[in-house]
Amino acid sequence: MSCQHCCGANLQFDIDNANSDLKRYLKKGPKKMTKMLVDALKDENIENLSLLDIGGGIGPIPLELIPEGLQKVTDVDASQGYITVAKSEIDKRNHLNIVNFLHGDFVTISPDITHHDIVTLDKVICCYPHVDELLKTSLSKATKYYGLVYPQAHILSRIAVWALNLKLKLKKNPFRTFIHDPKFVHQTIRNAGFQKIYSNKTLLSWQVHLYKKEG
Ligand SMILES: C[S@@+](CC[C@H](N)C(=O)[O-])C[C@H]1O[C@@H](n2cnc3c(N)ncnc32)[C@H](O)[C@@H]1O
């Protein structure tokens, strides 16, 4: 990860934001787009499968899916603050024995990460400038399912991302967000041998997809 992305992610996703995200999650449950992906995975038989959640944040996906019988979880995040908060919540629920937390840029540390049955990136590729690298590296770790939540590429999202990036620039935070081309994203996943089994959208912002390995 470039220093710009790394330092920016730590600033943008700091421990105060992590604590407030966890508070919101404990009160209201997963956000709508996350719930769509979680419910799509619950409709598959995921008992005894392993999950690699990249950019897991405070960990809504593992928190929702561990009770479904996941056997092992790896949670990778570029923000130390989010890892700290996610780990403490997993500990409270006595799941530390099955969850491994890794801090760092997934692409950089990926050689140390093994294959998992399920790989998820929930609102993460929009944080990353080199989407092809992030997609290909994460796809190479998925043996059965690949779940993705990322921004819709319409004019309103583009304006929102432009405004957020301007705000970050004014605050001298080097972190930036991106709208990636959905056709490119879909084709990259297809080329890795996955077919789409679920697709949904929130009203304005997000698209949610679950892919399954062919064959
Ligand atoms: C918008 S948050 C989403 C968090 C969580 N997936 C959720 O939906 O609640 C993006 C997360 O991805 C992490 N992230 C961004 N780029 C990353 C990278 N290259 N490797 C690992 N984590 C990354 C950030 O630190 C942050 O926690």
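Which residues in helix 2 meet which residues in helix 5? The structure is a predicted model, in which local features need pLDDT of at least 70, side-chain atom pairs count only at pLDDT 80 or more, and totals for chains, interfaces and linings use all residues. Residues are numbered from 1 along each chain as its sequence is written.

From helix 2, Ile15, Ala18, Asn19 and Leu22 meet Gly81, Tyr82, Thr84, Val85 and Glu89 of helix 5; two residues are in contact if their C-beta atoms, placed from the backbone, lie within 7 Å. Helices (H or I, at least four residues) and strands (E, at least two) are DSSP runs, numbered from the N terminus. By class, this contact of helix 2 with helix 5 has 5 nonpolar, 3 polar and 1 charged residues. Here Ala, Val, Leu, Ile, Met, Phe, Trp, Tyr, Cys and Pro count as nonpolar, Asp, Glu, Lys and Arg as charged, and the others, Gly among them, as polar. The axes of helix 2 and helix 5 (residues 80–92) are 7 Å apart, at an angle of about 35°. Such axes are lines fitted to C-alpha atoms, for helices over the stretch in contact, and angles run from 0 to 180 degrees between N-to-C directions.

Helix 2 (residues 15–28) also contains leucine 26. Leucine 26 counts as exposed because it has 11 C-beta neighbours inside 10 Å. A residue is buried if 20 or more other C-beta atoms lie within 10 Å of its own, exposed if 12 or fewer, and partly exposed in between, with C-beta atoms placed from the backbone.

In helix 3 (residues 32–42), by contrast, Thr34, Met36, Leu37, Val38 and Leu41 are the buried residues. They pack against helix 4 (60–65) and against strands 4 (116–122), 5 (142–151), 6 (194–201) and 7 (206–213).

Asp132, Leu135, Lys136 and Leu139 of helix 7 make the contact with Val185, Thr188 and Ile189 of helix 9. The residues of this contact divide into 4 nonpolar, 1 polar and 2 charged.

The ligand is surrounded by 22 residues, the closest being Gly55, Gly57, Ala78, Ser79 and Phe106; a residue is near a molecule if its C-beta atom, placed from the backbone, lies within 6 Å of it. Strand 2 (72–77) and helix 6 (106–109) each supply at least two residues of this shell. The shell comprises 13 nonpolar, 5 polar and 4 charged residues.
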